[in-house]
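The exercises below are meant to be worked with the sequence and the model side by side. Try each task before reading its solution.

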Amino acid sequence: MERGGRRPGPVVPPPPAVMMLPSAAPIQTDNRDSSKSKELLTPHQKRIIAALLAEFLGTLLFVLLAVGIQANELKRSNDVNTDNSDLRYPTDTTIMAGLAHGLTYATLISMFESISGGHFNPAITVAAVVGRRIGMLPGAMYIVVQITGAVCGSAIYDAMSGSEDYGQLGVTKLNTDLNTGSIFGAELLATLFVTLLWFFMLDLTMAPCGMTKNLTGPLYIGLAYFIAASFTSRWDRVGLNPARAFGPAAVSGDWDHHWVYWMGPVIGAMGGTLLFELFMWLRTADVEGL
């Protein structure tokens with residue numbers, strides 16, 4: 001007891017060592033590491049890379065499978081002659097070419113639409129840019145990877161067939177019974193039809209490229225491609241897609257009338273976009289009038 005009658009208070013021991021902050025350093029280090037990982041790729045950049053990869057892989061698979069099936073049919077039916085003077089398909093080959101294009105498109109769109117919108121076609125991408133569903137820079141990047149995928153798909157098919165130009169790789173060629181203007185018109189109208197259905201089957205609230213409104217959407221788009229491919233198969237071996245024409249042409253070196261397979265589908269796709277926007281404007285005006 002101290003002088004004055006006061007008792008000393010209880011002695012408070014210092015906090016144990018485990019209550020100190022030795023864990024502060026690792027927590028800060030983890031934060032720094034996580035911040036560095038976040039700076040590597042932003043979510044937006046990841047979406048762009050995923051979309052480009054989907055367009056590349058989708059176009060590669062389309063050319064390898066659909067155009068490969070068409071080349072097999074060309075070889076089987078002896079429709080390709082050495083002088084390329086007769087390009088008319090028999091009925092079964094026409095149906096097979098249409099089915100190959102339609103089913104392959106439907107499957108690939110079902111697979112990749114939630115990632116990239118499921119274009120696999122520079123004409124559709126141009127339509128999406130014109131319709132302001134995608135920006136010009138992403139659209140240009142889409143077209144580059146689509147063309148690259150088409151060349152890779154055609155090269156893989158060429159290598160698998162022994163590099164013997166099997167079925168002429170399904171290269172697009174004009175039917176000599178028809179003039180270039182007629183085939184240009186066929187490509188334009190067929191692609192306009194596909195593009196119009198493509199827009200009507202999209203949920204336009206899904207940015208940037210849209211998704212089909214329901215699970216049957218890709219089937220309807222595939223059906224449109226089947227009809228369009230069956231229509232054009234006897235005219236020019238099915239264009240509708242500049243990348244589809246570019247891939248086999250690049251591998252085989254056959255560029256005859258190649259401009260038709262760009263100008264026809266691209267102009268047709270832009271026309272389909274404008275026609276769709278006209279329908280939307282007229283429908284809005286009608287609803288407001290009610």
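**Exercise 1.** With which residue does Lys173 form a salt bridge, and how far apart are the closest N and O atoms?

*Solution.* Start with the ground rules: this is a predicted model, in which local features need pLDDT of at least 70 and side-chain atom pairs count only at pLDDT 80 or more, while totals for chains, interfaces and linings use all residues. Residues are numbered from 1 along each chain as its sequence is written, and side-chain values use heavy atoms, with hydrogens and water left out.

Next, apply the criterion, a side-chain nitrogen of Lys or Arg within 4 Å of a carboxyl oxygen of Asp or Glu. Lys173 meets it with Asp254, the closest N and O atoms being 2.3 Å apart. Finally, both Lys173 and Asp254 are buried, where buried means under 20% relative accessible area, exposed over 50% and partly exposed in between (1.4 Å probe, protein chains only).

**Exercise 2.** Find the salt bridge of Glu277 and describe the setting of each partner.

*Solution.* The count by this rule comes to 2 salt bridges, and in one of them the side chain of Glu277 meets that of Arg133 at 3.0 Å, N to O. Glu277 belongs to helix α9, whereas Arg133 sits in the loop between α4 and α5, 144 residues away. Glu277, at 25% relative accessibility, counts as partly exposed, while Arg133, with a relative accessible area of 16%, is buried.

**Exercise 3.** Which residues touch the most other members of the largest nonpolar core?

*Solution.* Such a core is a set of buried Ala, Val, Leu, Ile, Met, Phe, Trp, Tyr and Cys residues joined through side-chain atoms within 4.5 Å. The largest has 33 residues, and those touching the most other members are Phe62, Phe120, Trp198, Ile221, Tyr225 and Leu240. Helices that each supply at least two of its residues include α2 (43-76), α6 (180-200) and α9 (260-289). Apart from this core lies another, of 6 residues, among them Ala51, Ile134, Tyr142 and Val145. As background, nonpolar side chains in soluble globular proteins tend to be buried together.

Note on methods: Helix = DSSP H or I, 4+ residues; strand = E, 2+ residues; numbered from the N terminus.
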